[in-house]
Amino acid sequence: RFDGTQLPDLKDVRCPYVGLEAFRAQDQPYFFGRESDTRALLAQVHDAPLTIVLGASGSGKSSLVLSGVLPALADEEPGLRVVPPFVPGNAVLDYLVEALLQGGEPAPEIAALRENPQRLLALIGEGDAPVLITIDQFEEVFTLCSTTDREALVAGLAQLLGAGRGHRVILTVREEFRSRIVELLPFAPYLDKAWCSMRPMGYDELRAAVEKPASLVNLQFQAGIVDDLVKKVLGQPAALPLLQFNLRLLWEKRDRNRITWEVYRRTGDPLNALKSSADRFYDGLADETQDEVKRVLLELVRVDELLEAYRQPVPKSRLLEAGKASTEGVLELLARNDYVRISAAAGETD
């Protein structure tokens, strides 16, 4: 007779799915389904100094660059200096300088770069190695950064691209910001060859994104579950994070090394699992805690005139000052359940 207790429980095995996060370099062994896109984008990065990856929120552009292209570039061009990728946030020049220096005192260099964008070339140095700078979620230079910092950044990057030393820049941008990118005149000489638009993954690619990471850790799906998962998200341009969230939830609720139909039905399909999980979390809180959770989360979202929502990092101190005695605990609760991220370095929450 079948004895489920004899199956491996995988308790010491890393989850092969990333949830709502993008795949990054350390996740590269579990990144499947975008092999052809990685090769195409890699060829473009080889040929063009500026590459702009456009796509809807949730289309997988960050994962393609961070877990597909950057590790491949590091292997193919060992002489290339790959600067750690970053997002602009509220302080894009700070993050740029910190990524370049990797230590030391960034404040004087940040001020110098704000005053003189040509300082970026001096920061990189006169060595022979070309440099690659990657800025993820570049739309934040429009939604979060000051005009002064945005102009200094773009002017500095243009100086870098025009230096004739093989330097390159990769940007990932939500597709609705394409016209705003065109308005950045220092980029004009490089835009013709810069664009790369994300395409939706096909059935076989989505299936590979589910099954191949599972096979690496001996995770088994009962027959029919993977097919149902894939059909639910097929053709949905922004569903990839929802699929990964559902897969991570299934991993957490697995029966030893198996995802069963009982677990799958209890978790819900990928288009609804996040909403259902968040509702269960919120409904299980006391009324007073619900009120503070709602206040905190609304502080971390900005909605523009077109009703598009964007993340809005704020200093943790501001949330605490405007909050209650319970706010610190609420932030820890939200962070523990992956609803917010708290950056120790910047003291910001998003």
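What follows is a conversation about the cores, a helix pair and the strands of this predicted model.

Biologist: Which residues touch the most other members in the largest nonpolar core?

Modeller: In that core of 43 residues, Leu-50, Ile-52, Ile-133 and Phe-138 touch the most other members. Several elements supply at least two residues each, including strand E1 (50-55), helix H3 (92-101) and helix H7 (147-161), and the largest share, seven residues, comes from H3.

Biologist: Switching to helices, at what angle do H3 and H7 pack?

Modeller: Their axes are 9 Å apart and the angle is about 40°, so H3 and H7 are oblique to each other. Val-92, Leu-93 and Leu-96 of H3 make the contact with Asp-149, Ala-152 and Leu-153 of H7, and by class this gives five nonpolar, no polar and one charged residues.

Biologist: Now the strands: is E4 mostly covered or uncovered?

Modeller: E4 is mostly covered, with seven of its seven residues buried. Arg-168, Ile-170, Thr-172 and Arg-174 point one way from the strand, while Val-169, Leu-171 and Val-173 point the other way.

Biologist: How many bridges join E1 to E4, and how many join E3 to E4?

Modeller: Six bridges join E1 to E4, and these strands run parallel; E3 and E4 also run parallel, joined by four bridges. Val-169 in E4 is the bridge partner of Leu-50, and Ile-133 stands opposite Val-169 as well.

Methods: Residues numbered from 1 in each chain as written. Predicted model: local features only at pLDDT ≥ 70, side-chain atom pairs only at ≥ 80, totals over all residues. Heavy atoms only, no water. Core = buried A, V, L, I, M, F, W, Y, C linked by side-chain atoms within 4.5 Å. Buried < 20%, exposed > 50% of the residue type's maximum accessible area, 1.4 Å probe, protein only. Axes fitted to C-alpha atoms, helices over the stretch in contact; angles between N-to-C directions. Parallel < 35°, antiparallel > 145°, perpendicular 65-115°, else oblique. Contact = heavy atoms within 4.5 Å. Nonpolar A, V, L, I, M, F, W, Y, C, P; charged D, E, K, R; others polar. Pairing = 2+ DSSP bridges.
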